[in-house]
Amino acid sequence: MSTLIANPLLHPLLVPAAERIGWLLGLSLLLIVWVLRKHGRDLLRQGLFVKWRTWAIIAPLYLGAVFGGPLAVGVLVLGMTLQGLREYAELVGLVSHYRRVLKLMGITVVPVGLASLDGFYLLAPLLLLVAVAQPLAFQAVSTGIKQLALSSFGWAYIAWLLAHLVLIGRYIPGGDGVLLVIGAAVALSDNAAFAVGSLFGKHKLTALSPNKTWEGVFGNLLGAYLGTGLMSFALPESSYWLLLIGLPPLIAVGSVWGDLFESAIKREAGVKDAGSWLPGFGGLLDRIDSLILVAPLTYYFLRLVA
């Protein structure tokens, strides 16, 4: 179990991680400028540049949280949880009192996860007991059970699954390095899927997301290996080769799975994006949908295999 707070500036992995991220952002910016060279003064308004600018903000925030200790990771996850729950509640049409309870229950996961692993596992059944009392308390006659089902699932899908990032940083030896690898691998997996799918995509993957192709899935896997390789210096030595080889396919599967599942939610809601909170990407859920499933998949892989 690691200490809750650390000075990120003193972390031995900070300098090599920052150098690699800096090079990656710099090279990707040069590539974007070359691709958009015909747009001239409109370059700053183009979607690719807006996404790059968002990545340039996200990367140091994530880096600081990972190297700031489990408490800093918890603060980051808590922020993502609250915004994700807000967008989810809007997508599925939760009424106001169910939204309030969902957010209140959502903020319990990170503190409990930081305090006790046993408490984290007990939280789901305990909160379910609270949840089933809501239709009675709210005197919901027509849609109470539906609202209960949607809010309970939203808590499990976003708050509980995403909090596995906290468990990795808190309870896994070398968890800060693993979180660094996850961040890079998920980011490059998503971006490589978009690039490969856009350039070579011909074979449709599923009706849930018409733009997804099997070629894009290959891009997911390629990007996951590139991201893992880029940050491989941060992997724990005791399971280095197992993680270097076995983690990328798991991350690629989680990325595709999470993206398609969120697409299913949005298609049922009849919207293209989960929101407009994150420039270039839409809602925050549109950016973290892969991470939501990669986090628990990685945690249980580390606990059971690595």
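How far apart are the axes of helix 10 and helix 13, and at what angle do they cross? In this predicted model, the two axes come within 10 Å and cross at roughly 135 degrees. Let's begin with the whole chain and then look at the pairs one by one.

**The whole chain**

- The chain has 13 helices and zero strands, and its pattern along the sequence is α-α-α-α-α-α-α-α-α-α-α-α-α.
- A compact globule of 306 residues would have a radius of gyration near 19 Å, and the chain agrees with that because its own value is 20 Å.
- Along the principal axes, the C-alpha atoms fill a box of roughly 60 × 45 × 35 Å.
- Of the 306 residues in the chain, 48% are buried.
- Take the contacts between residues at least 6 apart in sequence: 73% of them join residues at least 24 apart.

**How to read a helix pair**

- Two packed helices are described by two values, the angle between their axes and the distance between the axes.

**Helix 10 with helix 13**

- On the helix 10 side, the contact uses Val178, Ile182, Val186 and Asp190.
- Facing them in helix 13 are Arg287, Ser290, Leu291, Val294, Thr298 and Leu302.
- Sorted by class, this contact has six nonpolar, two polar and two charged residues.

**Helix 10 with helix 12**

- Helix 10 passes helix 12 in a right-handed crossing.
- From helix 10, the residues in this contact are Val181, Ile182, Ala185, Val186, Ser189 and Asp190.
- They meet Leu247, Ile251, Ala252 and Ser255 in helix 12.
- Seven of the contact residues are nonpolar, two are polar and one is charged.
- Look for Ile182, Val186 and Asp190 in your view: they take part in the contact with helix 12 and also in the contact with helix 13.

**Helix 11 with helix 12**

- Helix 11 runs over residues 214-230.
- Helix 11 brings Val217, Asn220, Leu221, Ala224, Tyr225 and Thr228 to the contact.
- Helix 12 brings Leu243, Leu244, Ile245, Pro248, Pro249, Ile251, Ala252, Ser255 and Val256.
- The contact has 12 nonpolar residues, three polar ones and no charged ones.

**Residues in the loops**

- Leu205 sits in the loop between helix 10 and helix 11.
- Beyond its neighbours within four places in sequence, Leu205 is in contact with Lys212, Thr213, Trp214, Val217, Val256 and Leu260.
- Between Leu205 and Val217 there are 12 residues in sequence and 8.4 Å in space, C-alpha to C-alpha.
- Ser232 belongs to the loop between helix 11 and helix 12.
- Is Ser232 buried or exposed? Ser232 counts as buried because its relative accessibility is 14%, and the cut-off is under 20%.
- Leaving out residues up to four places away in sequence, Ser232 touches Tyr240 and Leu244.

**Glu262 and Leu285**

- Glu262 has its place in helix 12, while Leu285 lies in helix 13.
- Glu262 is buried, with a relative accessibility of 1%.
- Leu285 is buried as well, with a relative accessible area of 1%.
- Not counting residues up to four places away in sequence, Glu262 touches Tyr157, Ala274, Leu285, Asp286 and Asp289.
- By the same rule, Leu285 touches Gly84, Glu87, Tyr88, Leu91, Ile158, Glu262, Ala274 and Ile292.
- Leu285 and Asp259 are 26 residues apart in sequence, and their C-alpha atoms are 9.5 Å apart in space.

Key: Residues are numbered from 1 along each chain as its sequence is written. This is a predicted model: local features need pLDDT of at least 70, side-chain atom pairs count only at pLDDT 80 or more; totals for chains, interfaces and linings use all residues. Side-chain values use heavy atoms; hydrogens and water are left out. A crossing is left-handed if the near helix is turned anticlockwise from the far one by less than a right angle, and right-handed if clockwise. Helices (H or I, at least four residues) and strands (E, at least two) are DSSP runs, numbered from the N terminus. Contact means heavy atoms within 4.5 Å. Ala, Val, Leu, Ile, Met, Phe, Trp, Tyr, Cys and Pro count as nonpolar, Asp, Glu, Lys and Arg as charged, and the others, Gly among them, as polar. The radius of gyration is taken over C-alpha atoms; the globule rule is 2.2 Å times the number of residues to the power 0.38. Buried means under 20% relative accessible area, exposed over 50%, partly exposed in between (1.4 Å probe, protein chains only). Axes are lines fitted to C-alpha atoms, for helices over the stretch in contact, and angles run from 0 to 180 degrees between N-to-C directions.
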